[in-house]
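Please walk through this structure with the sequence and the coordinates side by side. The account below takes pockets, helix packing and strand pairing in turn.

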Amino acid sequence: MVLVAKQYGVALRALLILTVILGIAYPLAMTGVGQVAFSNQANGSLVKVDGKTVGSSLIGQNFTDAKGNPLPQYFQPRPSAAGDGYDANASSGSNLGPNNPDLIKAIKERRAQVAAFNQVPPSAVPADALTASGSGLDPDISVAYADLQVRRVAQARGLSPAAVQHLVDTMTKGRALGVLGEPRVNVLELNVAVNALKG
């Protein structure tokens with residue numbers, strides 16, 4: 001009986017010590033390191049304009065009117081399968097396979113819509129303009145999709161296409177570590193920069 005009580009005492013002390021170390025000290029230390037070394041990322045990578053938060057550079061968002069129609073003066077993101085579109089509470093892909101008839105139909109419709117909206121041939125529409133990302137929250141588009149939209153955005157804003165193209169080129173991010181992924185453009189950051197351009 002004494003041995004059992006002693007074992008319970010050891011187990012209880014171990015539980016208390018590990019709770020303090022792993023449940024309190026470690027999370028506080030990691031929070032502190034995050035706030036000091038990676039403050040922007042730890043606080044959601046928020047994008048602010050004139051002191052007002054307009055979104056996060058980590059989560060995509062739609063640039064549409066009240067009826068859900070894309071606004072021609074803004075660069076458009078890729079499609080999203082998360083809820084009604086870019087819903088962080090419903091992050092997911094479509095989970096439709098490449099031969100699924102619904103996906104094939106959606107891609108065909110999106111290709112026609114994107115081509116008409118940007119006044120380009122359907123063959124010029126890149127894949128990321130047609131398919132959602134695995135999370136449904138991807139904030140970036142390919143350089144090809146950004147380039148495709150330059151003329152429309154410039155025309156809608158009364159800007160020169162060269163000025164808008166220069167902005168896209170400036171805001172293009174290279175591959176991670178120089179080798180991972182593809183060059184990309186953050187749609188929210190690009191649209192904030194476009195808003196700041198003067199005609």
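A pocket, as the word is used here, is an open set of grid points with protein on both sides within 12 Å along at least five of seven lines, and its volume is the space filled by probe spheres set on the points. The model is predicted. By that definition the second largest pocket has a volume of about 170 Å³. Its lining includes Ser 80 and Ala 81, then Ser 94 and Leu 96. Leu 103, Ala 106 and Arg 110 also line this pocket, as do Thr 131 and Ala 132. By class, this lining has 5 nonpolar, 3 polar and 1 charged residues.

The largest pocket has a volume of about 510 Å³. A set of 20 residues lines it, and those nearest its centre are Pro 70, Gln 76, Pro 77, Pro 79 and Gln 113. Two elements, H3 and H4, each give two or more residues to this lining. The largest share, 5 residues, comes from H3. Sorted by class, the lining of the largest pocket consists of 7 nonpolar, 9 polar and 4 charged residues.

Helix H3 spans residues 101-118 and helix H4 spans residues 143-157; their axes are 9 Å apart and form an angle of about 40 degrees. An angle of 65 to 115 degrees would count as roughly perpendicular and one under 35 degrees as roughly parallel; H3 and H4 are therefore oblique to each other. On the H3 side, the contact is made by Val 114, Phe 117 and Asn 118. These meet Tyr 145, Leu 148, Gln 149, Arg 151 and Arg 152 in H4. The residues of this contact divide into 4 nonpolar, 2 polar and 2 charged.

Between E3 and strand E5 (residues 184-186), the antiparallel pairing runs over 3 bridges.

Strand E1 (residues 46-49) pairs with strand E2 (residues 52-56) in the antiparallel sense, over 4 bridges. Which residues of E2 stand opposite Val 47 and Lys 48? Val 47 faces Gly 55, and Lys 48 faces Thr 53. The hairpin of E1 and E2 has 2 residues between the strands, and in this hairpin Asp 50 takes a positive phi near 55 degrees.

Key:
Residues numbered from 1 in each chain as written. Predicted model: local features only at pLDDT ≥ 70, side-chain atom pairs only at ≥ 80, totals over all residues. Heavy atoms only, no water. Axes fitted to C-alpha atoms, helices over the stretch in contact; angles between N-to-C directions. Parallel < 35°, antiparallel > 145°, perpendicular 65-115°, else oblique. Contact = heavy atoms within 4.5 Å. Nonpolar A, V, L, I, M, F, W, Y, C, P; charged D, E, K, R; others polar. 1 Å grid on protein atoms, 1.4 Å probe; cavity = no way out; pocket = protein on both sides within 12 Å on 5 of 7 lines; lining within 4 Å. Pairing = 2+ DSSP bridges.
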